[in-house]
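Dear colleague,

Please find below the structure that I am handing over to you. My findings follow directly after it.

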Amino acid sequence: QQAGDISCIHPCGQKFIDQFFVECKAYKDLQFEGLLTLKGSLVKFWETTRVEALKYEKFPLLVARQNQLPPFVGLCSNGLVSLNLWNCDTIIARGIDLHIIHLPIFLRTAKVPE
């Protein structure tokens with residue numbers, strides 16, 4: 001069943017896709033300042049991802065990129081635990097349970113449970 005922007009075509013990715021609902025966004029301005037006011041594009045994308053993930057009983061995961069900035073991954077607290085990412089440096093928006101990690105760090109560090 002397709003859920004989100006990323007699906008799995010090889011068995012090695014199945015455990016990840018079984019646990020995470022992945023959305024991908026690329027925008028000129030994600031309005032990072034909205035993390036302080038809980039408004040703006042990034043906050044809206046995260047809320048939509050969370051709501052959709054809930055429908056599929058998965059953790060939300062947002063892969064995003066703003067012009068002139070490196071790509072990042074947004075995860076909820078439970079997603080961080082699931083992928084063993086608690087020791088990574090993150091930007092945290094506690095009011096909406098969003099933890100932001102640079103994509104290269106995520107790719108190097110995330111460990112999908114056996």
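Strands here are DSSP runs of E with at least two residues, helices are runs of H or I with at least four, and both are numbered from the N terminus. Two strands are taken to pair if DSSP finds at least two bridges between them.

Please note that this is a predicted model, in which local features need pLDDT of at least 70 and side-chain atom pairs count only at pLDDT 80 or more, while totals for chains, interfaces and linings use all residues. Residues are numbered from 1 along each chain as its sequence is written, and side-chain values use heavy atoms, with hydrogens and water left out.

Strand S5 (residues 98-102) also pairs with strand S4 (residues 91-93), in the antiparallel sense and through three bridges. Within this pairing, Ile92 stands opposite His99. The hairpin of S4 and S5 has four residues between its strands, and Asp97 adopts a positive phi near 50° in that hairpin. Four of the five residues of S5 are buried, so the strand is largely enclosed by the rest of the structure. Buried denotes a relative accessible area under 20%, exposed over 50%, and partly exposed the range in between (1.4 Å probe, protein chains only).

The sheet as a whole is open and has five strands in the order S1-S2-S3-S5-S4, with mixed pairing. Strand S1 (20-27) and S4 are at the edges with a single partner strand each, so one side of each has no neighbour in the sheet. On average, neighbouring strands of this sheet are turned by 20° against each other, direction ignored. Helix H3 (residues 41-55) packs on the sheet and touches S1, strand S2 (59-66), S3 and S5; the direction of H3 makes about 150° with that of S2. Axes are lines fitted to C-alpha atoms, for helices over the stretch in contact, and angles run from 0 to 180 degrees between N-to-C directions.

Lys58 is placed in the loop between H3 and S2. Lys58 is buried yet has no salt bridge, and Asp18, the nearest side chain of opposite charge, is 5.4 Å away. A salt bridge requires a side-chain nitrogen of Lys or Arg within 4 Å of a carboxyl oxygen of Asp or Glu; Lys and Arg count as positive and Asp and Glu as negative, whereas His and the chain ends are not counted. Neighbours within four places in sequence aside, the contacts of Lys58 include Ala3, Ile17, Phe20 and Ala53, contact being heavy atoms within 4.5 Å.

Five aromatic pairs were counted. Rings of Phe, Tyr and Trp (its six-membered ring) pair if their centres lie within 6.5 Å, with planes under 30 degrees apart counted as stacked, over 60 as edge-to-face and the rest as tilted. Phe20 and Phe59 form a tilted pair, 5.5 Å centre to centre with 50° between the planes. Phe20 lies in S1 and Phe59 in S2, so this pair ties together parts 39 residues apart in sequence. Phe20 is buried at 1% relative accessibility, whereas Phe59 is partly exposed at 26%. Phe21 and Tyr56 form a stacked pair, 5.7 Å centre to centre with 15° between the planes. Finally, Phe16, Phe20 and Phe59 form one aromatic cluster.

Yours sincerely
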